[in-house]
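Here is a short briefing on a predicted model. Please look through the structure first, then read the points by topic.

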Amino acid sequence: LGSVAESSAFYSVNSQAMPPGQPPVPPPSSGPPQPSICAFTSGENLEVWSDSRQAWLPGSVLTAFESATSVDSYNVPAGTVKVTSAAGVKWVLPEQVQKMLRKSSSPSFTKGDAVQVWSESKQTWLDGIVEEAYVTESSGNGFTIPAGSLLVKSSTGNSKWILPDQISKMLRSSRPEGGDVGFQKGEKILVWSQSKQQWLLGVVQAVFAVASKAEGFDVPAGSVKVLSETGEKWVLLNDRDRVLRKVPDSTGFEPDLKSMLGSALQDPSALRRQAEAVWIHALQPGEEVLPIERTAWAIEGLADQFGVRLEVEGDHLDKVRRHAESLAKGSGGLNVQQFQTLCQEMMVELYG
């Protein structure tokens with residue numbers, strides 16, 4: 001896999017200082033059709049206009065700034081989007097978003113998603129699971145992994161690399177068989193509590209379409225991991241109809257996320273397992289510690305495991321960085337135990 005570097009620069013309309021390089025220039029009016037105005041969120045797949053290649057490239061959102069903030073002494077206006085693609089990292093200012101970014105025509109997948117992958121040899125769709133989703137360009141074993149690439153394991157036990165431009169042709173969301181009602185990661189659901197003898201609102205943390213290993217355990221195909229105010233629960237396929245229900249659209253209720261997180265914090269081993277899984281996912285090939293600059297992003301990912309959307313910015317971002325640097329003790333990054341400590345302390349401060 002090859003990668004062509006394209007200069008990436010950032011500037012702010014409120015900052016006098018300019019970093020090296022030139023600010024990105026929107027594609028000319030004679031270029032591709034103008035995309036419609038749309039909102040983007042961190043981790044979302046999209047397409048980025050490349051001036052050097054005169055083409056739209058598959059990419060993903062590293063950070064979407066919903067409010068004005070400061071990053072590395074530069075003022076970042078609200079609406080700025082930091083993206084990555086095969087051409088590198090690019091900062092796109094609000095007035096440039098409409099011309100430089102557009103929604104991806106390919107479905108968006110994340111680690112742990114249940115999918116179906118096309119098999120050329122068998123000429124059929126096979127059930128599978130996303131083992132890794134690379135938000136940023138990575139490298140390992142002598143080759144470059146473009147941003148937006150996926151590593152997918154099929155029901156045959158084989159793993160396959162899916163490049164960004166292959167996703168729409170080779171992957172599709174998993175479809176439940178026999179009328180079985182499927183669940184998706186992040187979905188709000190009802191969970192039956194045997195101890196309370198009532199249905200509780202909860203959130204799906206993971207869906208396992210194929211037999212997998214997770215948190216050191218063998219997980220049978222069809223299992224669902226959920227979180228409610230009574231804590232985490234693993235639900236096997238045969239128990240799903242009895243233990244889980246869809247939330248009717250008309251309920252208008254929201255899970256008590258603070259109670260759910262409080263329950264998780266009372267079980268340190270569960271939080272450590274979650275933090276370890278996020279730490280492993282956040283590492284890039286060849287890394288042994290999590291760089292300080294990615295700790296806030298990783299904490300956001302941990303919060304997402306509990307169904308909580310967290311954006312660490314401003315004073316909280318500075319606090320996370322200072323605390324991470326203190327734990328790292330000059331090493332430049334956090335090992336898994338240090339990251340677990342950081343997560344527990346920051347979660348308690350934010351939601352405890």
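Val278 counts as buried, because its relative accessibility is 11% and buried means under 20% relative accessible area, with exposed over 50% and partly exposed in between (1.4 Å probe, protein chains only). Val278 sits in helix 5. Helices (H or I, at least four residues) and strands (E, at least two) are DSSP runs, numbered from the N terminus.

**Basis of the model**

- This is a predicted model, in which local features need pLDDT of at least 70 and side-chain atom pairs count only at pLDDT 80 or more, while totals for chains, interfaces and linings use all residues.
- Residues are numbered from 1 along each chain as its sequence is written, and side-chain values use heavy atoms, leaving out hydrogens and water.

**Nonpolar cores**

- A nonpolar core is a set of buried Ala, Val, Leu, Ile, Met, Phe, Trp, Tyr and Cys residues joined through side-chain atoms within 4.5 Å.
- The largest one has 24 residues. Leu290, Ile299, Leu334, Phe339 and Leu342 have the most contacts inside it.
- Two or more residues of this core come from each of helix 5 (268–282), helix 6 (295–305), helix 7 (314–328) and helix 8 (336–351).
- Leu290 touches Trp279, Ala282, Leu283, Thr295, Ala298, Gly332, Gly333, Leu334 and Phe339, leaving aside residues up to four places away in sequence. Contact means heavy atoms within 4.5 Å.

**Sheet 20-19-16-15-21**

- This open sheet has five strands in that order, with antiparallel pairing. Two strands pair if DSSP finds at least two bridges between them.
- Strand 20 (231–235) and strand 21 (244–246) are at the edges, each with a single partner strand, so one side of each has no neighbour in the sheet.
- Neighbouring strands are turned by 40° against each other on average, direction ignored. Axes are lines fitted to C-alpha atoms, for helices over the stretch in contact, and angles run from 0 to 180 degrees between N-to-C directions.
- Strand 15 (residues 188–193) pairs with strand 21 over three bridges, in the antiparallel sense.
- Leu190 has Arg245 of strand 21 as its bridge partner.

**Sheet 13-12-9-8-14**

- Here too the sheet is open, with five strands in that order and antiparallel pairing.
- Strand 13 (159–162) and strand 14 (171–173) are the edge strands, and each pairs on one side only.
- Strand 8 (residues 114–119) and strand 9 (residues 124–133) run antiparallel, joined by six bridges.
- Gln116 has Asp127 of strand 9 as its bridge partner.
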